[in-house]
Amino acid sequence: MPVKEGPVPPFPSGADPDEYDRLRRRVLWKMPSGLYVVGSTDRAERRNAMTLSWATQVSFEPKWIGIGVERDAFTHELIAASGAFSLCMIDREDRAIVRKFTKPVDVDLAARTLNGFAYIDGPATGAPVLAQSVAYVECEVRQPVTIGNHTLFLGEVVNAAFLQDEETEVLRMEDTRMSYGG
Ligand SMILES: Cc1cc2nc3c(=O)[nH]c(=O)nc-3n(C[C@H](O)[C@H](O)[C@H](O)COP(=O)(O)O)c2cc1C
């Protein structure tokens with residue numbers, strides 16, 4: 001989908017669209033959020049991992065979480081194909097990882113690495129999970145919701161595990177100078 005040029009409506013009456021656009025962006029960036037790596041697969045040979053900040057739990061009965069994924073992303077293609085994804089929580093000390101998964105990923109199926117990072121296939125869904133994750137969940141997509149240039153994949157947690165000490169602090173958006181959305 002072509003990206004629309006210029007400020008996105010609606011605008012409050014009387015507001016200068018460009019000025020308001022810049023302000024709105026800064027306000028939206030102010031929303032605190034986590035920073036994750038999402039694993040996906042076609043449940044055959046293909047695997048991918050990408051950096052994602054738009055994730056949240058949306059229901060506790062059932063246990064559902066939602067992730068917002070750009071429609072042009074390879075991850076989107078794989079999640080749409082498999083109906084599953086993993087959400088990996090990363091050690092705060094490993095923040096360099098963020099940049100490693102914002103570009104197309106080199107997969108080595110024999111070595112079981114994504115961009116050189118070891119992964120395991122999630123036992124419930126087959127979606128890759130970074131081996132160095134502090135914790136992860138695997139989800140089966142129950143409801144994809146299309147919103148503009150993103151899809152909110154609403155998934156049920158079908159597996160959850162810690163791979164490191166539970167007290168390990170995990171990565172969040174304020175640990176990077178990069179931004180997303182807004
Ligand atoms: C800090 C940060 C947060 C991001 N958050 C998201 C997100 O929540 N959703 C999304 O679709 N892309 C997000 N991205 C962009 C993807 O990581 C990027 O488009 C990636 O190249 C997509 O990978 P893929 O095409 O291999 O799936 C974020 C990027 C950065 C740097």
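Strands β10 and β11 form a hairpin with two residues between them, and Gly148 in the turn has a positive phi of about 50 degrees. Helices (H or I, at least four residues) and strands (E, at least two) are DSSP runs numbered from the N terminus, and two strands pair if DSSP finds at least two bridges between them. The model is a predicted one: local features need pLDDT of at least 70, side-chain atom pairs count only at pLDDT 80 or more, and totals for chains, interfaces and linings use all residues. Residues are numbered from 1 along each chain as its sequence is written.

The pairing of β10 with β11 is antiparallel and runs over twelve bridges; within it, Gln143 has Leu154 of β11 as its bridge partner. β10 is also joined to β5 by six bridges, again in the antiparallel sense, and here Ser86 stands opposite Glu138 of β10. Ser86 of β5 also stands opposite Gly39, in the antiparallel pairing of β1 with β5 over four bridges.

Gly39 leads on to β2, where its bridge partner is Ala49. Six bridges join the antiparallel strands β1 and β2, which form a hairpin with five residues between them; Arg43 in that turn has a positive phi of about 65 degrees. Is β1 buried or exposed? Six of its six residues are buried, so β1 is largely enclosed by the rest of the structure. A residue counts as buried if 20 or more other C-beta atoms, placed from the backbone, lie within 10 Å of its own, as exposed if 12 or fewer do, and as partly exposed in between. Both faces of β1 are covered, with Tyr36, Val38 and Ser40 on one side and Val37, Gly39 and Thr41 on the other.

Helix α2 also has buried residues, namely Thr75, Leu78 and Ile79. They cover an arc of only 95 degrees around the axis, which puts them on the same side of α2; the arc is that of the directions from the helix axis to the C-beta atoms. An α-helix has 3.6 residues a turn, so residues three or four places apart point the same way. The cover over the buried residues of α2 includes β1, β2, β4, β5, β10 and β11, with contact meaning that the C-beta atoms of two residues, placed from the backbone, lie within 7 Å. After α2 comes Gly83, whose phi is positive, near 70 degrees.

The ligand is surrounded by 20 residues, the closest being Trp54, Glu70, Ala73, Thr75 and Tyr180; a residue is near a molecule if its C-beta atom, placed from the backbone, lies within 6 Å of it. At least two residues of this shell come from each of β2 (47–52), β4 (63–70) and α2 (74–82), and β2 supplies the largest share, four residues.

A further element is an open sheet of four strands in the order β6-β7-β8-β9, with antiparallel pairing. Its edge strands, β6 (107–108) and β9 (128–130), each pair on one side only. Two bridges link β6 to β7, and Thr113 of β7 is the bridge partner of Asp108.

Overall, the chain holds three helices and eleven strands. Its radius of gyration is 17 Å, close to the 16 Å that the globule rule gives for 182 residues, so the chain is as compact as a globular protein of that length. The radius is taken over C-alpha atoms, and the rule is 2.2 Å times the number of residues to the power 0.38.
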